[in-house]
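Here is a short briefing for a first look at this model. Take a moment with the structure before reading on.

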Amino acid sequence: MNSQHLIKLLDVARQKNMIDQDSEWSNGSETYLREIRLELDEVQEELDSDRNCYLEDELGDVFWDYLNLLLALEQEGKISLSRVFERALVKYSERIDGIQQGSFWSEVKRQQKQRLAEEQAVEKNKAELL
């Protein structure tokens, strides 16, 4: 895989996000959530049909809609795109490291969920103080 393709695709998605700002077609993140669901059905159809080039195309559509969902959510002030990627990297690196050190995926996952709950509690307390 060429990581430059990911960077270029994200740049194209950012351009699309700018276009969506002036479009009546897009309803922000809801549009892309709906599209992801539809595309996943198309992925399943292609898995069943054994047409690999179509499958790759449909998987690209899922990924495209996911990137656009992230950008729309960031535009709506609900997430930080860089934090989503950072969290995913930490999350799955910890899980793989845990497995390599003899832990179970489920145990690492439980610990991570506990840490998220603690982080959410701190955020909630901060919000209540404002």
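The points below cover helix packing and then a pocket.

The model is predicted, so local features need pLDDT of at least 70, side-chain atom pairs count only at pLDDT 80 or more, and totals for chains, interfaces and linings use all residues. Residues are numbered from 1 along each chain as its sequence is written, and side-chain values use heavy atoms, without hydrogens and water.

**H2 and H3**
- The axes (lines fitted to C-alpha atoms over the stretch in contact) of helix H2 (residues 29-49) and helix H3 (residues 52-75) come within 9 Å and cross at roughly 165 degrees.
- That angle makes H2 roughly antiparallel to H3 (the term applies over 145 degrees).
- Contact means heavy atoms within 4.5 Å; among the H2 residues that meet H3 are Tyr32, Ile36, Leu40 and Val43, and the H3 side includes Leu55, Leu59, Val62 and Leu69.
- The residues of this contact divide into 14 nonpolar, two polar and seven charged.

**H3 and H4**
- H3 and H4 pack at about 125 degrees, with axes 9 Å apart.
- Tyr66, Leu67, Leu70, Leu71 and Glu74 of H3 touch Leu81, Val84 and Phe85 of H4.
- Seven of these residues are nonpolar, none is polar and one is charged.

**Largest pocket**
- Helix H4 (81-100) and helix H5 (105-129) each supply at least two residues of the lining of the largest pocket.
- The lining includes Arg83, Glu86, Lys109 and Glu119.

Conventions. 1 Å grid on protein atoms, 1.4 Å probe; cavity = no way out; pocket = protein on both sides within 12 Å on 5 of 7 lines; lining within 4 Å. Helix = DSSP H or I, 4+ residues; strand = E, 2+ residues; numbered from the N terminus. Axes fitted to C-alpha atoms, helices over the stretch in contact; angles between N-to-C directions. Parallel < 35°, antiparallel > 145°, perpendicular 65-115°, else oblique. Nonpolar A, V, L, I, M, F, W, Y, C, P; charged D, E, K, R; others polar.
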